[in-house]
Amino acid sequence: PTADVAEGDLFVLHPVGRGFATVMSGMILFGILTPATLILAWHKDFSLLWALIPLVAFLYLSWRLFYKTRSVTYRLTSQRLFIQLGLIGRVQEEIELFRITDVSMEQTAMERILGIGSIVVKSTDETVPVARLENIPDPTLHKDILRDAYRKARSREGMRAGEFIGGM
């Protein structure tokens, strides 16, 4: 009894930068050290090469933060959950919503302060039995949206909640 439902996006998320506190701390540290070493090199008699070390570290950490936040996309539609990895070369996993058996949220104390967390999705999908959506903003809201979507998908497919209990 599958009804044809237009597949529309319910949310599209990327991990947020504040979830990578160590990378951001390093960026701040090397962001401060770069001009400081340039000023010292200008006023003191030592090579500008020393000033390039914190600059290179800052650029590396900036790229790493950009990559970690933009190379992962979590997209929930009315029918599927997509997890896309990569910027240039891409890998995309998808889980049909009616296959999801459980959704939970994990949040450390620091993540709670920062307003981020992880959503753990368990499914009967053979290729992705457990999926983690990490460092996402407002994880409780997004978990509830995902829960509602998979319950509606099961209802459309004519499935009951107990149909997957023995199949896991």
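These are my notebook entries on what I looked up in this predicted model.

Residues are numbered from 1 along each chain as its sequence is written, and side-chain values use heavy atoms, with hydrogens and water left out. Since the model is predicted, I take local features only at pLDDT of at least 70 and side-chain atom pairs only at pLDDT 80 or more, while totals for chains, interfaces and linings use all residues.

**Strand pairing.** I started with strands (DSSP runs of E, at least two residues, numbered from the N terminus; helices are H or I runs of at least four). Two strands count as paired if DSSP finds at least two bridges between them. Strand 1 pairs with strand 2 in the antiparallel sense over 4 bridges, and there Phe 11 sits opposite Leu 76. Strand 2 goes on to pair with strand 3, also antiparallel, over 5 bridges; these two form a hairpin with 2 residues between them. Thr 73 faces Gln 84 of strand 3, and Gln 84 also stands opposite Gln 92 in strand 4. Strand 3 and strand 4 (residues 91-96) are antiparallel over 6 bridges. Their hairpin has 5 residues between the strands, and Gly 86 takes a positive phi near 110° in it.

I also checked cover, where buried means under 20% relative accessible area, exposed over 50%, and partly exposed in between (1.4 Å probe, protein chains only).

**Cores.** Next came the nonpolar cores (buried Ala, Val, Leu, Ile, Met, Phe, Trp, Tyr and Cys joined through side-chain atoms within 4.5 Å). The largest has 21 residues, and Leu 97, Ile 100, Val 121, Leu 133 and Leu 146 touch the most other members. Strands 1, 2, 3, 5, 6 and 7 and helix 4 each put in at least two residues. Which element gives the largest share of this core? Helix 4 does, with 4 residues. A second, separate core of 5 residues includes Phe 20, Val 23, Leu 61 and Leu 65.

I then listed contacts (heavy atoms within 4.5 Å) for one residue. Leaving out residues up to four places away in sequence, Val 121 touches Leu 81, Ile 100, Asp 102, Pro 129, Val 130, Ala 131, Leu 133 and Leu 146.

**Salt bridges.** My rule is a side-chain nitrogen of Lys or Arg within 4 Å of a carboxyl oxygen of Asp or Glu. That gives 6 salt bridges. Arg 75 and Asp 9 meet at 2.8 Å, N to O; this pair links strand 2 to strand 1, 66 residues apart. Arg 75 is partly exposed at 29%, and Asp 9 is partly exposed at 47%. Glu 94 and Arg 80 have their closest N and O atoms 3.1 Å apart. Glu 94 is in strand 4 and Arg 80 in strand 3, so the pair ties together parts 14 residues apart in sequence. Glu 134 bridges to Arg 132 at 2.9 Å. Shared partners join Glu 7, Arg 80 and Glu 94 into one network.

**Positive phi.** Most residues other than glycine have a negative phi. Asn 135, in strand 7 (residues 130-137), has phi near 55°. Is Asn 135 buried or exposed? Asn 135 is buried, at 10% relative accessible area. Asp 138 has phi near 45° and lies in the loop between strand 7 and helix 4. Asp 138 is partly exposed at 40%.
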